[in-house]
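Here are my notes on the model. Please read them with the coordinates open.

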Amino acid sequence: MTSRVATQAADDAKDHPAIAWTARLGFAGYGLVYLLIAWLTVQLAFGRPDESVSGQGALAQLSQQPLGGVLLWIVAGGFAALVVWELCQTIGGHRDQHGLKRVGGRAASAGRAVVFGALGFTAARIAVNGAGSSGSSSSREEGFTAKVLDLPYGPFLVGAIGVGLVVYGICSIIGGFTDFWRKQIDVDGRTGTAGKVISTLARTGYVARGIAFGIVGGLVVWAAATHDPKKSGGLDEALTTLRDAPAGPYLLLAVAIGLACFGVFNMAKVWFLRDV
């Protein structure tokens with residue numbers, strides 16, 4: 001299959017009404033996950049939440065709501081559509097960009113496809129096996145880090161993962177200030193009152209998400225430097241570290257508000273998503 005044929009096939013798939021509207025449902029589910037993470041973060045600021053502060057913990061909490069199993073399958077279907085959407089963007093999207101910017105945009109789409117795929121798989125697994133299958137993000141991260149540290153050049157690999165997470169966090173913060181996300185939104189969502197509201201939600205949300213993942217990356221780098229997997233951790237461990245800092249609970253509440261803004265921003269894509 002030639003590159004032109006593959007690009008055309010990706011365009012046809014992305015623009016199919018079933019994929020386009022189910023992808024919007026996926027963004028709504030993604031936003032809901034971040035709203036639940038924000039709520040778990042608020043609970044963490046005042047004690048310990050009932051679930052791990054992570055995507056898995058958010059989905060586990062969703063499963064405990066009325067019709068939680070049905071909601072999880074709907075969310076899983078939405079994430080599956082988002083995987084198709086982002087893979088189409090990886091193959092033929094970002095045509096308004098050129099050179100390295102286009103390569104970077106398509107690489108970012110591929111990365112998002114992996115994230116959405118993981119969340120969709122987790123949602124389906126919890127729907128089948130129950131909330132207990134989600135586990136603790138800190139224990140999973142610690143176990144993964146320990147296994148990698150035992151490999152040849154393991155500390156360097158763990159350190160590279162940590163640096164990657166820090167860079168991801170910094171890019172998220174920069175993205176919030178540079179408004180790169182505007183290319184995802186149609187003209188109605190970039191102008192007027194709706195544009196002002198969406199701009200505030202996106203800028204606040206991307207910065208808060210960047211701070212959270214930057215702390216996660218810092219913990220992973222510290223684990224690599226000390227050869228101690230117990231010093232690594234997932235999002236819940238990173239937010240606990242922030243809570244224990246001076247004025248930590250207030251900082252944590254600020255991050256929770258930002259994560260909630262990121263969630264609402266993604267839900268707004270149901271109405272304002274631009275085909276790019």
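1. Terms for the salt bridges. A salt bridge here is a side-chain nitrogen of Lys or Arg within 4 Å of a carboxyl oxygen of Asp or Glu. Across the whole structure, the search finds two salt bridges. Side chains of opposite charge can pair when their charged atoms come close.

2. Basis. The model is predicted: local features need pLDDT of at least 70, side-chain atom pairs count only at pLDDT 80 or more, and totals for chains, interfaces and linings use all residues. Numbering starts from 1 along each chain as its sequence is written, and side-chain values use heavy atoms, with hydrogens and water left out.

3. Confidence. pLDDT is the predictor's confidence in each residue, from 0 to 100. The protein averages 79, and 81% of the residues score at least 70. Helices are DSSP runs (H or I, at least four residues), numbered from the N terminus. Where pLDDT is low, the predicted coordinates should not be read in detail.

4. First pair. Glutamate 86 forms a salt bridge with arginine 112; the closest N and O atoms are 3.2 Å apart. Glutamate 86 sits in helix H4 (residues 68-92) and arginine 112 in helix H5 (residues 100-129), so the pair ties together parts 26 residues apart in sequence. Buried means under 20% relative accessible area, exposed over 50%, partly exposed in between (1.4 Å probe, protein chains only). Glutamate 86 is buried at 3% relative accessibility. Arginine 112, at 30%, is partly exposed.

5. Second pair. Aspartate 179 forms a salt bridge with arginine 203, with the closest N and O atoms 2.6 Å apart. Aspartate 179 lies in the loop between helix H7 (154-178) and helix H8 (192-226), and arginine 203 in helix H8, so this pair links parts 24 residues apart in sequence. Aspartate 179 counts as buried at 16% relative accessibility. Arginine 203 is partly exposed at 39%.

6. H9 against H10. How do the axes of H9 and H10 cross? The axes of helix H9 (residues 235-243) and helix H10 (residues 248-272) come within 7 Å and cross at roughly 135°. That makes H9 oblique to H10. Axes are lines fitted to C-alpha atoms, for helices over the stretch in contact; angles run from 0 to 180 degrees between N-to-C directions. Under 35 degrees counts as roughly parallel, over 145 as roughly antiparallel, 65 to 115 as roughly perpendicular, and the rest as oblique.

7. Burial of H9. Seven of the nine residues of H9 are buried. Among them are Leu235, Ala238 and Leu242.

How values were computed
Helices (H or I, at least four residues) and strands (E, at least two) are DSSP runs, numbered from the N terminus.
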